[in-house]
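I opened the model to look up its folds and contacts one at a time. My entries follow in the order I made them.

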Amino acid sequence: MKKKAEDSTLDPIPSLFSGEAEKAILGLMLTNPELVIDQVIERLTTDDFYVPAHRVLFDVIKDLHFRNIVIDLTTVHQYLVDHHLEEKIGGPSLLADLIAAFATHLNLEAYIKIIKDKSILRKLHSAALNIVQNIYEHSHSVTQVLDQAEKRIFEITDLTISRSMVKAAAEMQKAIDLIECFHNHKRKGRLFGIPTGFHQLDQITTGWQNGDMIVLAARPGVGKTALGLTFACKALKERYDQDKDLWIKPGYAVGFFSLEMTAVQIMLRFLASIGSESLQKIRRGELEASSLEKLKRLAEDAKDWPFYIDDSSDLTIHQLRAKARRMKNQFGIDLIIIDYLQLLHSDSEQAKENRQVEISEISRGIKALAKELNIPIIVLSQLNRRMEEGKSEPALHHLRESGAIEQDADVVLLLHKLETEPGADLSKIPYVIHVAKQRNGPTDKIDILFNSPYTRFDDPLKHEAEMSYA
């Protein structure tokens, strides 16, 4: 019986591996490494591949990635030649087959799941054979057989569980270090998080916090994009260096995903905002020569600012997460702003049938991304039209299409334009930011001003100098 069990492990069962899925993954890692490689390496190991040649290629691509070497057909082939591995994959023909294979990164999750599921089934198959073998060899000891069977099955089950459990004692010192960090920042009049640019909002939130999903919601045309850009400008201007105990320039690196406006349109607003020049005059070509020269100087200075814009439209949540990971890896992004949530979509089967399910998947995906990258993510969102029916102030239940947005968000900001008196100065329009939810802090309402010519929001309290980030 022992010989029979050993022989069975050598006989491949077609249902326990998918050569096509393995080829698809490796082909994508060769042709679209920037989009897929981090997800693949995070989710799959060499043992998850069944075909020996595929295992070799996976290790090669992974090693190139870890050494920050460009991954393409030439670099992979040269690596194989230099390390005398070409014969192990059956020659260069396999590489050509992978490049020519038709596979799309949109199906990456499906390919990963197939390979992972097959890998687990193979491990179960091997464990089952060993359990049967133990039954015949140790039939006199039921306890020993059960113990070994439980151990093997538990090891496999453990592979499907994410490594998120830690002993509380191991995290205790981290918590104390964080408390001391809070104390030191407070004592020095500093914020612990990334400055919002508004004194009262900083007091309520202590700045944007790593891992948080911040939802900024308003009706269309109220000024979500303008406020999002204002937040970006404040973060970009300068940052606090804890080691040097001073503010340095440039500031925090910001990634801006604009699904509605082009990068050029964003930069027009950006320059109008930081240059305090009328956006309408810029568009109409009515700027004075001195103003034009000022904007040119600002544009030259801003070239060193760590500001990165992606104006791809029609993005899925998986595509956005892949782009965000790449942005984080390449540029060390400290803050991401997404404009806006309802323009994203999901390509899952469930999402195709129900918009609320789709929004829920997108919302969960953004929150998971904030935790994964350990940075704050500000996502702009629309409020539904029900708030307009009674001319009431916005509330959490006005978040459009899904209660999941409220559930997933750590902070919810509701932007509301106040009524103005006849003859009032419309260049400074009064607004309210309602901090309607904050998972780790209080809620409140703060007054801000919309500087409409410059498409910029300003702090009426003028406390920027006191907080050292003006």
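**Entry 1: overview.** I counted 20 helices and 11 strands in the chain. Helices (H or I, at least four residues) and strands (E, at least two) are DSSP runs, numbered from the N terminus. This is a predicted model, in which local features need pLDDT of at least 70 and side-chain atom pairs count only at pLDDT 80 or more, while totals for chains, interfaces and linings use all residues. Residues are numbered from 1 along each chain as its sequence is written, and side-chain values use heavy atoms, with hydrogens and water left out.

I looked up burial next: 45% of the 470 residues in the chain are buried. Buried means under 20% relative accessible area, exposed over 50%, and partly exposed in between (1.4 Å probe, protein chains only). For contacts in the chain with a separation of 6 or more, residues 24 or more positions apart account for 66%. Contact means heavy atoms within 4.5 Å.

**Entry 2: the sheet.** I traced an open sheet of nine strands with mixed pairing, in the order S5-S4-S6-S7-S1-S8-S9-S10-S11. Two strands pair if DSSP finds at least two bridges between them. Strand S5 (307-310) and strand S11 (456-458) are the edge strands, each pairing on one side only. From one strand to the next, the twist averages 25 degrees.

**Entry 3: strand S6 and its neighbours.** Strand S4 (residues 254-258) and strand S6 (residues 335-339) run parallel and are joined by five bridges. I noted that valine 254 has leucine 335 as its bridge partner in S6, and that phenylalanine 257 has isoleucine 338. S6 also pairs with strand S7 (residues 377-382), in the parallel sense, over three bridges. There, isoleucine 337 has isoleucine 378 of S7 as its bridge partner.

Entry 4: Angles run from 0 to 180 degrees between N-to-C directions, and axes are lines fitted to C-alpha atoms, for helices over the stretch in contact. H15 packs on the sheet too, touching S4, S5 and S6, and its direction makes about 155 degrees with that of S4.

**Entry 5: H3 against H15.** I checked helix H3 (residues 33-43) against helix H15 (residues 317-331): they pack at an angle of about 90 degrees, with their axes 9 Å apart. That makes H3 roughly perpendicular to H15, a term for angles of 65 to 115 degrees. Glu34, Leu35, Asp38 and Gln39 of H3 meet Ala322, Arg325, Arg326 and Asn329 of H15.

Entry 6: In helix H5 (residues 73-82), I found Val76, Tyr79 and Leu80 buried. Seen down the axis of H5, these buried residues fall within an arc of 100 degrees, so they line one face of the helix. The arc is that of the directions from the helix axis to the C-beta atoms. Their cover includes helix H2 (19-31), helix H4 (52-66) and helix H6 (93-100).

I then followed valine 60, which is found in H4. Valine 60 is buried, at a relative accessible area of 2%. Not counting residues up to four places away in sequence, valine 60 touches Val76, Tyr79, Leu80 and Leu85. Valine 60 and tyrosine 79 are 19 residues apart in sequence and 7.3 Å apart in space, C-alpha to C-alpha.

Notes: Parallel < 35°, antiparallel > 145°, perpendicular 65-115°, else oblique.
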